[in-house]
Amino acid sequence: MLISSLVARSSLVNAPLRLSRFFTQARRVYKEEEPTAPPSPTTEQPGQKYTHFGSKTVLKSTKQKLVGDVFSSVANRYDLMNDVMSLGIHRLWKEHFINKLDAGKRPNSTTPLNFIDVAGGSGDIAFGLLDHAESKFGDNESTMDIVDINADMLKEGEKRAMEQGKYFKDPRVRFLVSNGEVLEEIESDSKDIYTVSFGIRNFTDIQKGLNTAYRVLKPGGMFYCLEFSKIENPLMDLAYQQWAKVLPVMGSMIANDYDSYQYLVESIERFPDQETFKSMIEKAGFKSAGYESLTFGVCAIHWGIKV
Ligand SMILES: COc1cc(O)cc(C/C=C(\C)CC/C=C(\C)CC/C=C(\C)CC/C=C(\C)CC/C=C(\C)CCC=C(C)C)c1O
Ligand SMILES: C[S@@+](CC[C@H](N)C(=O)[O-])C[C@H]1O[C@@H](n2cnc3c(N)ncnc32)[C@H](O)[C@@H]1O
């Protein structure tokens with residue numbers, strides 16, 4: 001009922017143009033199915049020339065630019081679109097992620113923590129982690145590196161810090177434009193907590209990103225990832241698939257950007273399932289890897305420890 005009424009409502013606005021564009025786009029995407037299936041994150045070999053960009057096969061060397069264009073395009077409507085697409089549920093996922101990690105310098109400790117939030121863009125997770133550390137443990141000393149490959153997304157994060165009057169030009173908080181697959185500015189064995197939220201799915205080489213996460217963490221450091229995953233229940237998956245069809249139409253109507261949200265849906269489809277991603281985390285060297293599925297598996301929290 002909810003989804004059909006949503007679709008009905010969406011067709012009330014500029015119906016002829018919008019919907020014909022929707023079906024044209026749908027045909028275009030499927031018509032342009034690539035001749036050969038792009039490698040999956042677990043089958044990709046070093047030196048492989050091609051990779052996937054959503055459901056398309058592209059030269060590996062072009063994916064970073066294509067992803068960069070997507071996030072430069074969505075940056076200024078990022079928060080609004082997240083609330084619309086998930087009906088606000090993304091906030092619950094992030095709150096649960098932060099509470100489950102429960103990180104912060106404990107009152108009886110003299111050593112602040114070093115956090116890094118990779119693909120941190122809007123600052124959602126980074127600011128939430130610092131707020132949690134302060135409100136629960138009175139920790140106002142731990143440091144945070146917010147790293148993102150896209151300067152436009154980081155600008156949204158800095159804008160939020162300035163507007164909220166917290167963490168802007170704060171010596172504890174750095175905003176760094178850097179590639180999460182390399183993190184060349186980040187010393188090895190230097191971070192206590194590495195988080196990545198709805199970001200690693202967009203990396204050109206996910207395994208390389210996991211290996212880099214392992215490198216920058218101290219022994220005993222925690223890897224925590226919030227990412228879309230696989231819905232286990234077939235009925236729920238069916239309902240999700242209907243909902244997912246509406247997302248690019250929302251992107252077109254609200255952000256005038258159909259393609260970026262078509263990429264979002266396709267990139268979710270392409271991302272490994274819970275067990276496969278857990279095995280990739282273990283392949284990077286992490287121990288005690290595990291996961292928790294959220295909202296029937298729409299997304300999942302994965303973790304691992306560097307011992
Ligand atoms: C280009 O890449 C992106 C662009 C962007 O602007 C944002 C992101 C990151 C995206 C998010 C943080 C949230 C995106 C939201 C979705 C993909 C939709 C998630 C879907 C749901 C929460 C509902 C799923 C529906 C079902 C499982 C069917 C069962 C019904 C329910 C669970 C009841 C609730 C129903 C609804 C909420 C419809 C980005 O990467
Ligand atoms: C959907 S946003 C997630 C933002 C934030 N973490 C959140 O949870 O809302 C995905 C982010 O990943 C960033 N990203 C994509 N590829 C990246 C890479 N290779 N290195 C660092 N950031 C990357 C994008 O620029 C974008 O800001």
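In this predicted model, a polar side-chain atom of S197 sits 2.6 Å from an oxygen atom of ligand 2, within the limit for a polar contact (a pair of N or O atoms within 3.5 Å; within protein, one must be able to donate a hydrogen and the other to accept it, and residues adjacent in sequence count only if both atoms are side-chain atoms). D148 also places a polar side-chain atom 2.6 Å from an oxygen atom of ligand 2. The side chain of N179 has an N or O atom 2.9 Å from a nitrogen atom of ligand 2. Taken alone, ligand 2 exposes 600 Å², and the protein buries 97% of that; accessible areas come from the Shrake-Rupley method with a 1.4 Å probe, and for residues only the protein chains shown count as cover.

Looking around ligand 2, one finds 22 residues, the closest being Y78, A119, D148, G180 and S197; a residue is near a molecule or strand if one of its heavy atoms lies within 4 Å of it. This shell holds eight nonpolar, 10 polar and four charged residues, where Ala, Val, Leu, Ile, Met, Phe, Trp, Tyr, Cys and Pro count as nonpolar, Asp, Glu, Lys and Arg as charged, and the others, Gly among them, as polar.

Ligand 1 has 25 residues around it, of which Y78, N82, R201, Y261 and L264 come nearest. An N or O atom in the side chain of R201 is 2.6 Å from an oxygen atom of ligand 1, and a polar side-chain atom of Y261 is 3.1 Å from an oxygen atom of ligand 1. Ligand 1 on its own exposes 910 Å², of which the protein buries 91%. Two or more residues of its shell come from each of α3 (60-74), α4 (78-86), α5 (89-101), α9 (234-255) and α10 (258-270), and α9 gives the largest share, five residues. Helices (H or I, at least four residues) and strands (E, at least two) are DSSP runs, numbered from the N terminus. By class, the shell around ligand 1 has 20 nonpolar, four polar and one charged residue.

Two of these helices, α3 and α10, pack at an angle of about 120 degrees with their axes 10 Å apart; axes are lines fitted to C-alpha atoms, for helices over the stretch in contact, and angles run from 0 to 180 degrees between N-to-C directions. α3 and α10 are therefore oblique to each other, since angles under 35 degrees count as roughly parallel, over 145 as roughly antiparallel, 65 to 115 as roughly perpendicular and the rest as oblique.

Residues are numbered from 1 along each chain as its sequence is written, while chains are lettered from A and ligands numbered from 1 in the order in which they are written. In this predicted model, local features need pLDDT of at least 70, side-chain atom pairs count only at pLDDT 80 or more, and totals for chains, interfaces and linings use all residues, with side-chain values using heavy atoms and leaving out hydrogens and water.
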